[in-house]
Amino acid sequence: MVRGDCLCGRVAYEADGPFRNMMSCHCSMCRKHHGTAFATFVGAPLTSFRWLSGERSIQSYQSSPNGKRSFCATCGSVTPMLFEQNNLALFPAGNLSGDLGVKPEAHLFVGSKAPWYTITDSLPQHAEYPPEFAVASVPRPTVTAKPGVTPGSCLCGDVAFETEGTPQRFALCHCSRCRRGRSAAHGANTFVKSEQFRWIRGESQVVSYQVPEAERFMVAFCRRCGGAAPRVAGPMAVVPAGTYDADPGMRPQFHIFTASKASWFEITDEIPQYPEAPPA
């Protein structure tokens, strides 16, 4: 039995499995929805799936003619996609707890992966969908960046921003809150000075959720599409790296809270690792 929960706990579900076809997708829609370098999904028979709570808290956004992306309207966590015609439940692996019995099998849409992320494992890589999927990809707009300025936006485009120069820090966080909040293997956040950050549009569209028992932990997302969004915290702005539309000019500097990382995810790069918080 495997259970899934959103960050705020309103949405909960479980499945018996068996779990299969665990893959990491690097397409721009997944990056923007989750705010990370990639989203990892795993499938199970729909007949093994049960909602436990929170169905009324779920909101959906039509991200493509044939696809919807669902999320908790309170905290922004991505929720499962259900395909009755295929007897398939597709889960964001970052929200699952328990032994899945599987690990990632491949990378999808590496042709549009984030410029700041390097794939270092030995899993098969597909430029788009694997041939056996027989599914057409969805064209996405390209963005031209101004010199010294990095643009960014949410999935639907209602929220847009710019940062100047390079970030101060860039961390990949494996804590359970980041995994549930971003519904991914880990969070990927850049930190820029507040004077380097400016909203272009949609600031009023941004919803913030703070974990009640946490002193600082907070996530932000677009209320329309659920896509990750920046948040300004005093002198710094925290920008989910997956929301960038161009290269921010920095690469991840360290993995943090690796003592809490997902059991199904293996760190294969040479970036420094810290079991908990990094040095000040």
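**Reading salt bridges, burial and strand order**

A: Arginine 3 is partly exposed, with a relative accessible area of 38%. This value, like the others here, is computed from a predicted model.

Q: Is aspartate 5 buried or exposed?
A: The general idea is a cut-off: a residue under 20% relative accessible area is called buried. Aspartate 5 has 15%, so it counts as buried.

Q: What does aspartate 5 form with arginine 3?
A: Side chains of opposite charge can pair when their charged atoms come close. Here aspartate 5 and arginine 3 form a salt bridge, with 3.0 Å between the closest N and O atoms.

Q: How many salt bridges does the structure hold?
A: There are ten salt bridges. One of them brings together the side chains of arginine 198 and glutamate 162, at 2.9 Å from N to O. This pair links distant parts of the chain: arginine 198 belongs to strand S16 (residues 197–201) and glutamate 162 to strand S13, 36 residues apart. Arginine 198 is partly exposed at 31% relative accessibility, while glutamate 162 is buried at 11%.

Q: Which residue forms a salt bridge with arginine 251?
A: The partner is aspartate 247, and the closest N and O atoms are 2.8 Å apart. Arginine 251 is partly exposed, with a relative accessible area of 40%; aspartate 247 is also partly exposed, at 32%.

Q: In what order do the four strands of the open sheet come?
A: The order is S5-S2-S1-S10, with antiparallel pairing. Strand S5 (49–53) and strand S10 (96–97) are the edge strands, each pairing on one side only. Strand S2 (residues 12–15) is joined to S5 by four bridges, and alanine 15 has phenylalanine 49 of S5 as its bridge partner.

Q: Where is the place of serine 48?
A: Serine 48 sits in the loop between strand S4 (39–45) and S5. It is buried, at 6% relative accessibility. A polar atom of its side chain lies 2.8 Å from the backbone oxygen of proline 45. Residues up to four places away in sequence aside, serine 48 touches Glu14, Ala15, Asp16 and Gly17.

Q: How many residues apart in sequence are cysteine 154 and cysteine 225?
A: They are 71 residues apart in sequence, and 7.7 Å apart in space from C-alpha to C-alpha. Cysteine 154 lies in the loop between strand S12 (149–153) and strand S13 (160–164), and is buried at a relative accessible area of 2%. Beyond its neighbours within four places in sequence, cysteine 154 is in contact with Lys32, Val159, Cys222, Cys225 and Ala228.

Key. Residues are numbered from 1 along each chain as its sequence is written. This is a predicted model: local features need pLDDT of at least 70, side-chain atom pairs count only at pLDDT 80 or more; totals for chains, interfaces and linings use all residues. Side-chain values use heavy atoms; hydrogens and water are left out. Two strands pair if DSSP finds at least two bridges between them. Helices (H or I, at least four residues) and strands (E, at least two) are DSSP runs, numbered from the N terminus. Buried means under 20% relative accessible area, exposed over 50%, partly exposed in between (1.4 Å probe, protein chains only). A polar contact is a pair of N or O atoms within 3.5 Å; within protein, one must be able to donate a hydrogen and the other to accept it, and residues adjacent in sequence count only if both atoms are side-chain atoms. Contact means heavy atoms within 4.5 Å. A salt bridge is a side-chain nitrogen of Lys or Arg within 4 Å of a carboxyl oxygen of Asp or Glu.
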